[in-house]
Amino acid sequence: MERRGLSIGRYGLDFDFTEYAPNVAPRRSPLRSLRDLGGVERKYLETVGLSVEEEGRAGSHLQQDTTVTYTGLSRWAKEYLESRYPGGLVAEAPEEAVLKHPWLRSFIHRLVPIDLDKYTALCTAYSIGGAFIWVKRGVKVDLPLQACFLIEAERLAQLPYILVIAEPGSKLNIVSGCVMNPACTTAVHGCITEVFVGEGAEVVFNLIHNFKRGFHVRPKVGVMVDGGGAYIENYIEVGEPTSVQLHPTVILRGEGSRADLRSFFLSRGRSNFDVGGALIFTGGGARGEVVSRAVVAGESTVTMRGVLKAYAPSRGHLECRSLLLSDKARAVAYPNLRSLTPSASLTHEAAVGRIEEEHINYLMSRGLSREEATSVIIEGFLSASKGLPPSLQGWVDRLISMTAKEVM
Amino acid sequence: MPPSVDEERCIGCGVCIRVCPSSALRLKAEEASSSEVRRLYCEVYRPEACVDCGRCVEECLVKALSLAKPSAQP
């Protein structure tokens, strides 16, 4: 019998959460500016796209372990955005926000249920930090807001909560970079994110992660999109975490709403990735796609899950592709399509396999070495990421060069 | 017997409305909000139209709907 409930989580490698605690990190002093960051911390944060000078950013939010050390708008936002839309963009800590705006209680933990699994239960009970981002009607925040989460304390369970409300006609772009101090050997990054996209609004959420072995990553994302609204999420992991479980679930409730979920990563060492996404179409004319592409090396395991459920005339596409580079690498694809209406069109393509010998031979006949031929094919595999914003192309290029090193 | 709705649990996704064969349900907006994004939840607005098929309960994504069990015969 089909299991009920939102399919946001309940997948992925299990681990003993009791080995981690949310209160092992010391409290830190707030920063007056991102320029006050120490050189070492700055270096780690820059690997996930933090701009200390806030160039090309609307604002910044920085959480070190469990302390939110900086939240503020950039000079551009203060000079341009505030003069044009006074109070149009609100970014504050969720604990303060819920006291200021009691109506927020109707939105908090609405989409990601507390009792979904043990991670959501613990995240809800021990959540510290995070952000509340509220964009008011018609406010177009053209530059991205950067939200960075740094883990430095050993055996820390970093459990922030993020709530985003984009009112009708607004536009918001968030770049969320999560990284650890390499001196830390093991920790958990679990985060609950809930996004409400109003009519005709657009929210772009880019997640750039850089975690090493010993780290468990459990971001739980739930999204509700109203008529004509759009939600776009791109996930790129450039590290080698022990386990990742990411399964954003988007409910396209409005007429003509849209969602695109994309993930790109290189899985190596003994990593275990369980990545995908779900789109639930209840609004007529809604459309969306879930695209996951992984290069699987070493002794790692990748599971790709995609769910499309149509309750209204809609169009959805699902793509799960893995390229295996070693004999011990494992990849599994679970496409799941379900339509309750004859006027929906749901399609999928899933592929798991090694690089065709024929393709390598062809390129070698053109004068490339075996390694070079393999790199060219991998580059083509990861580059075919149509629709990716230009700002993320650099990250895909970085993945390509990392993969090339893995092949050599 | 129309379904009962757990308003606290309902996320207002609209699945129940789409599967209801007799249009007995609708989405209602919560009033107390300063945001223009309103929280919606399911409401049985035509209880007499309910045919007791249970499809809304079966499809609900978050188990917010339930059908009352028939009372035991004396």
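**Domains, chains and one residue**

In this predicted model, the centres of domain 1 of chain A and domain 2 of chain A, taken over C-alpha atoms, are separated by 27 Å.

User: What area is buried between domain 1 of chain A and domain 2 of chain A?
Analyst: Chain A is divided into domain 1, residues 17-354, and domain 2, residues 356-408. Their contact draws 25 residues from domain 1 of chain A and 19 residues from domain 2 of chain A. Carbon and sulfur atoms give 73% of the buried area, which is about 1,900 Å².

User: Which three residues of domain 1 of chain A supply 26% of the area it buries against domain 2 of chain A?
Analyst: By class, the side of domain 1 of chain A that touches domain 2 of chain A has 12 nonpolar, 6 polar and 7 charged residues. The three residues that supply 26% of the area, more than any other three, are A:Val238, A:Phe264 and A:Arg293.

User: How many salt bridges does the rule find across the interface of domain 1 of chain A and domain 2 of chain A?
Analyst: Between these two domains, 3 residue pairs are in polar contact, both residues being at pLDDT 80 or more. For salt bridges across the interface of domain 1 of chain A and domain 2 of chain A, the rule finds 0.

User: Is A:Ser267 buried or exposed?
Analyst: A:Ser267 lies in strand S15 of chain A, residues 258-267. Beyond residues up to four places away in sequence, A:Ser267 touches A:Phe273, A:Val295, A:Val296, A:Ala297, A:Ser300, A:Thr301 and A:Val302. Because its relative accessibility is 0%, A:Ser267 counts as buried.

User: What area do chain B and chain A bury between them?
Analyst: The contact takes 30 residues from chain B and 32 residues from chain A. In chain B, B:Arg18, B:Val37 and B:Leu61 lose the most area to chain A, together 28% of what that side buries. Carbon and sulfur atoms carry 54% of the total between the chains, which is about 2,400 Å².

User: Which residue of chain B meets A:Arg338 in a salt bridge?
Analyst: The rule finds 3 salt bridges across the interface of chain B and chain A. In the salt bridge of A:Arg338, the side chains meet at 2.8 Å, N to O, and the partner is B:Glu59.

User: Which helix gives the most to the side of chain B that touches chain A?
Analyst: Helix H1 (15-19) and helix H2 (55-59) of chain B each supply at least two residues of that side. The helix that gives the most, with 4 residues, is H2(B).

Definitions and conventions:
Residues are numbered from 1 along each chain as its sequence is written. Chains are lettered from A and ligands numbered from 1 in the order in which they are written. This is a predicted model: local features need pLDDT of at least 70, side-chain atom pairs count only at pLDDT 80 or more; totals for chains, interfaces and linings use all residues. Side-chain values use heavy atoms; hydrogens and water are left out. Contact means heavy atoms within 4.5 Å. Buried area is the accessible area (1.4 Å probe) that two parts lose on being put together, summed over both. A salt bridge is a side-chain nitrogen of Lys or Arg within 4 Å of a carboxyl oxygen of Asp or Glu. Buried means under 20% relative accessible area, exposed over 50%, partly exposed in between (1.4 Å probe, protein chains only). Domain bounds come from an automatic or database domain assignment. A polar contact is a pair of N or O atoms within 3.5 Å; within protein, one must be able to donate a hydrogen and the other to accept it, and residues adjacent in sequence count only if both atoms are side-chain atoms. Ala, Val, Leu, Ile, Met, Phe, Trp, Tyr, Cys and Pro count as nonpolar, Asp, Glu, Lys and Arg as charged, and the others, Gly among them, as polar.
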